[in-house]
Amino acid sequence: MRGVDFSSWQSILATLIGLALVALIGVGIRLVVMMTIQQRRERMNRQINERLRTLIAAYKVLGGSFTGTLTVDPTHLRDLRRGDATETAEAEDPAPGSDRPRRIRDAVEAALSDIILLGTEEHVRLAERAARELVAGRPVHTHALVVALRSFIRAALDLDPIPADLDIPMQGPTRPAGAGGGRGKAERGGGDARQDGGGRGGGGTGAGMGGMGMGLGLGTAAAAGDDPPTPGLQP
C-alpha cells in the first residue's frame with residue numbers, strides 16, 4: 001500500500017485498473033490450469049472405463065461356464081477334413097456339431113486379443129501363453145486368466161476381495177446359444193404374414209364379387225326399360 005498514490009483521482013483510477021488486471025490475469029491462469037487438469041482427468045476416466053469394459057467382456061467370454069467342457073478346442077474344420085477325397089463336396093455341408101466349438105474358439109481368440117492390448121503384464125503373459133497353445137493345436141484352459149482378470153476387476157472397482165475360504169469351481173469359456181429359436185420365430189412370423197396376406201386377398205375378392213353382382217343387377221334393369229332401383233329406398 002506504500003506505493004499507492006492517493007493524491008489525485010487519476011492515480012487512484014490507474015491503481016484500481018492495475019489491480020483489476022492483475023486479478024483478472026490470476027483468475028485466467030487458474031481457470032486454464034483447472035480446465036487442463038479436468039480434461040486430463042476426464043480422458044483418464046474414459047480410458048479406464050473403456051479398459052474395464054473390455055476386460056469385463058473378455059472375462060465373461062473366458063469364464064462364463066462352470067460345467068461341461070471347460071477347454072477351448074483349437075481344431076479347425078479344415079483340419080478335420082484334411083486328407084478326405086470329398087473335401088470340396090463336404091465344404092458346403094459342415095459336419096454336425098462343429099459349429100459350437102468354432103464359435104467358442106473365435107470368441108476366445110477375440111478376447112485374448114483384447115487382453116493382450118489392454119491387460120496388465122500378468123494378463124498379457126497368460127493370454128500370450130493361451131494364444132500359443134491355440135496356435136500349437138492343443139486344448140487351452142482359461143481358468144488362470146479368468147482368476148487374474150477377476151482379481152483385477154474387483155480391485156479396480158473398489159470391491160472387497162473374494163473370501164479365501166471359498167472354493168470357486170473351475171471356469172471355462174462361455175457356450176454360445178443356438179440359432180434354432182431364431183429360425184423358428186422367423187418361420188412363425190413368415191407364416192403369420194402369409195395368413196394375413198391371404199385374409200386380405202380373400203376380403204378383396206369378396207368385395208370384387210359384390211361389385212360385379214351390383215353391376216349386373218343395374219345392367220339388367222336398364223335393359224328391361226325400368227329405372228334402376230335406388231339403394232335404401234326399396235320397400
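1. Gln171 sits in the loop between α6 and α7 (180–223). Helices here are DSSP runs of H or I with at least four residues, strands are E runs of at least two, and both are numbered from the N terminus. This is a predicted model: local features need pLDDT of at least 70, side-chain atom pairs count only at pLDDT 80 or more, and totals for chains, interfaces and linings use all residues. Residues are numbered from 1 along each chain as its sequence is written, and side-chain values use heavy atoms, with hydrogens and water left out.

2. Is Gln171 buried or exposed? Gln171 counts as buried because its relative accessibility is 2%. Buried means under 20% relative accessible area (exposed is over 50%, partly exposed in between; 1.4 Å probe, protein chains only).

3. What is Gln171 in contact with? Contact means heavy atoms within 4.5 Å. Neighbours within four places in sequence aside, the partners of Gln171 include Tyr59, Gly63, Phe66, His143 and Arg150.

4. Tyr59 is also one of the buried residues of α1.

5. Helix α1 (residues 9–62) has 54 residues. The expected span is 1.5 Å times one less than the number of residues.

6. Now the whole chain. It has seven helices and two strands, in the order α-β-α-α-α-α-β-α-α from the N terminus. Of its 235 residues, 17% count as buried. Among contacts between residues at least 6 apart in sequence, 73% join residues at least 24 apart.
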